[in-house]
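Take a look at the model below. The text walks through it step by step.

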There are 2 protein chains.
Amino acid sequence: MKDKSSNVVWHANAVTRADREQRNGHRSLVLWFTGLSASGKSTLANAVEEELHRLGCNTFVLDGDNVRHGLCSDLGFSLEDREENLRRIGETAKLMLEAGVLVLTAFISPMRKDRERVRSLFPHGDFLEIFCDASLDVCESRDPKGLYRRARAGEIGEFTGISSPYEAPVNPELSCDTGCDSVEASVAKVLELLRERGVIAE
Amino acid sequence: MKDKSSNVVWHANAVTRADREQRNGHRSLVLWFTGLSASGKSTLANAVEEELHRLGCNTFVLDGDNVRHGLCSDLGFSLEDREENLRRIGETAKLMLEAGVLVLTAFISPMRKDRERVRSLFPHGDFLEIFCDASLDVCESRDPKGLYRRARAGEIGEFTGISSPYEAPVNPELSCDTGCDSVEASVAKVLELLRERGVIAE
């Protein structure tokens, strides 16, 4: 008869976050981009990712495109659903952090308490909040998807900056003037932060 | 005056799954381990991960420990909540697949239709179902957490194999006899499958 308890003798050394970071050659981290619609969060996050990938980093961008149709497809835009949306994104970012990924997230995330709740999921220093600081005037003049126009016309309710508040970060790890500065300049600021933090080499 | 539309000139080449796979030196994939409680899913998934990490792969294990307390902490064990639990795990695995990770999941996932729904999220060949096939008798004799004893005593309701069905896979990509074979033998079978599929080198 075969040994029914043969499984018990195997002692797998669970692969840890530190093991994965060593494999990747850099530590994992969450860069949380916040700002108004059309403030340039996705543009900046994707541009930073491109640079980090070029430097050999293991990266991923979580944004509305890949979250709203999948993990959070059951959620709408009520206050409660928006909170749950950000909670799940935070938890997913945490799993990816454990997986060794340098995660970039691009969500309006307008409420300070929701962002603070997400921050509280992470060890100190693993969550960096980056404020994409563009004025409402600039964002509305860009309006790439016509959302501000529709919000002004009353066709979209609870639109951040128009009919729903945006609470600017008080002490973000970084602010980028994504209303005036070029994307290149903002990318350089984010990379400088990552060098200062020892995430990428000098 | 600075150029308000300066963001528009940047054309970031979005980093793709293929770019990440090239960086990692292997394609990404989901290995979905299914089987009764105590059938050896987590043990096998962790042992396979250890080998893959040793081979230089970018890996992560999703299991009850890292999902139930975080992403799915709002869910209980009703039929509806179990379905939603597996749906979210599937969507998270899909995000990790995009991120270039070789994802291993270890969940009982007893219902065929729930597993098929998860499978349908993935491109053909990216989701491999691995049946941890140990008899109820063996699993119950192991009972590392005393769950079967408590289920038999009526202290846990809807317990898979006792008071709730387990639907064995019909055409899994691999079956491992985790009731009789050693963990080493099962690990070898999984690695052979990955070599056949071209995920790791011969």
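In this predicted model, chain B holds an open sheet of five strands. Read across the sheet, the order is β2-β3-β1-β4-β5, and the pairing is parallel. Two strands of chain B stand at the edges: β2, residues 59-63, and β5, residues 174-176. Each has a single partner strand, so one side of each is left without a neighbour in the sheet. From one strand to the next, the twist averages 20 degrees.

One residue pair can be picked out: Phe131(B) has Ser175(B), in β5(B), as its bridge partner. A helix covers this part. Helix α8 of chain B, residues 183-196, lies across β4 and β5 of chain B. Its direction is at about 170 degrees to β5(B).

Next, the two chains together. Which surface does each copy use? The copies meet through the same surface, because 100% of the interface residues of chain B are also interface residues in chain A.

Last comes confidence. The model scores ipTM 0.92 and pTM 0.92. Chain A has a mean pLDDT of 92, and 94% of its residues reach 70 or more. Residues 1-9 of chain A stay under 50. For this stretch the model has ten contacts beyond four places in sequence. Where pLDDT is low, the predicted coordinates should not be read in detail.

Key: Residues are numbered from 1 along each chain as its sequence is written. Chains are lettered from A and ligands numbered from 1 in the order in which they are written. This is a predicted model: local features need pLDDT of at least 70, side-chain atom pairs count only at pLDDT 80 or more; totals for chains, interfaces and linings use all residues. Two residues are in contact if their C-beta atoms, placed from the backbone, lie within 7 Å. Two strands pair if DSSP finds at least two bridges between them. Helices (H or I, at least four residues) and strands (E, at least two) are DSSP runs, numbered from the N terminus. Axes are lines fitted to C-alpha atoms, for helices over the stretch in contact, and angles run from 0 to 180 degrees between N-to-C directions. pLDDT is the predictor's confidence in each residue, from 0 to 100.
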